[in-house]
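This note is written for a colleague who is meeting the structure for the first time. Please read the points with the model in view.

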Amino acid sequence: MILRSAQYGTKENKVAARDIVPVVSDRFEQTLESASPDVLREMIRGFAQKMMDADLGVRCNAGYGEVTPERVNPRNGYRMRDWDTRAGTVGLAIPRLREGSYFPDFLIHRRRAERALASVVATSYLLGVSTRRVEKLAAALGVTSLSKSQVSLMAAELDEMVEGFRSRRLDAGPYTFVWIDALTQKVREGGRTVNVHALIATGVNAGGRREILGIDVASSEDGAGWLAFLRGLSGVALVTSDCHQGLRDAIAAVLPGAAWQRCRTHYHRNLLTKVPKSAQPWVSTLVRTIFEQPDAASVRAQHAQVVTALEAKFPAAASHLDEARDDILAFTAFPREIWRQVWSNNPLSVNRLSGDTIMPAA
């Protein structure tokens, strides 16, 4: 499977993803951060390194390795400095000068700079790099006086880096467990704000590490989009996702040997719509007991008891829960130690519960 350049379209037109401007959203950034921390960390390092080199080029009046009589200060190697970010510790090579000293402003205002970098990296990962994003990032990091040619060159270099990640071959498989979701993203197109779906697949590789397998942008979560998105995956034992019909059909068609786990969190929200608001806390507590059992047999027995308990007061909810039994309990076919990681497709929950490593099934 190879990550693809994304496009989305409507009946009226089709627009390349690079031509749309995302509205600020924390959810996609958090998903990228928790689902693929190595990728985010490396891209933050690369973006910060390029920005420092550009800043020093302005101060020295010459680029790295450029021989020109207009240079006002020669460079003198690098010194290493660790930068703690939300994606982990990033090792930065801070340029040194022969005369005077240099220290990037963004390491002084760390929190603001990290937030700006993470936002641009996440957006660029999904939609590619543009000169506008580079200009905004430079301003946020305190890098000023960049010429248009410098901004264009930096955008091209960063775009090459991003494309390298997005088009890399997925050779760390088999990917035993896969989480799939469609995050609704607001984008500005032609002066108006519209919704598109960022299709995201996260997998556990042969080393037990999570990584983002694919990102695409689509105007709807239809089966055709998911079919193209999933082709190329192999060795998948379990797919966890919400109950999108197009996605379920695509999983069955492309990954016939994989079991399907309906996301516990999404299902829980759907079930609560079947009962009055006043009863929702009681029903939530009751349903949670299903997932607190020590083994598969106890989980299924408790599911049956909860269905029985609901039948008297809320028959519609009881029927809904009974029909969903096999879908929401697919996780019980796998080792107890990984249940919490595979019964939901929310990578933030996985990260909080278990850290970065999830060992694949034997």
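The points below cover the overall fold and then the aromatic rings.

1. The model is predicted, so local features need pLDDT of at least 70 and side-chain atom pairs count only at pLDDT 80 or more, while totals for chains, interfaces and linings use all residues. Residues are numbered from 1 along each chain as its sequence is written, and side-chain values use heavy atoms, leaving out hydrogens and water.

2. The protein has 14 helices and ten strands (DSSP runs, H or I of at least four residues and E of at least two, numbered from the N terminus). Of its 362 residues, 50% are buried (under 20% relative accessible area, with exposed over 50% and partly exposed in between; 1.4 Å probe, protein chains only).

3. There are six aromatic pairs (rings of Phe, Tyr and Trp, the last by its six-membered ring, with centres within 6.5 Å; planes under 30 degrees apart are stacked, over 60 edge-to-face, the rest tilted). One of them, F177 with F334, is edge-to-face, at 5.5 Å centre to centre and 70° between the planes. F177 belongs to strand β6 and F334 to the loop between α12 and α13, 157 residues apart. F177 is buried at 1% relative accessibility, and F334 is buried at 14%.

4. F291 and F331 are stacked because their planes stand at 25°, with centres 5.7 Å apart. Ring pairs join F291, F331, W339 and W343 in a cluster.

5. The charged end of R264 sits over the F291 ring, 4.3 Å from its centre (CZ of Arg or NZ of Lys within 6 Å of the ring centre and within 35 degrees of the ring normal). K313 lies over the face of W282, 5.5 Å from the ring centre.
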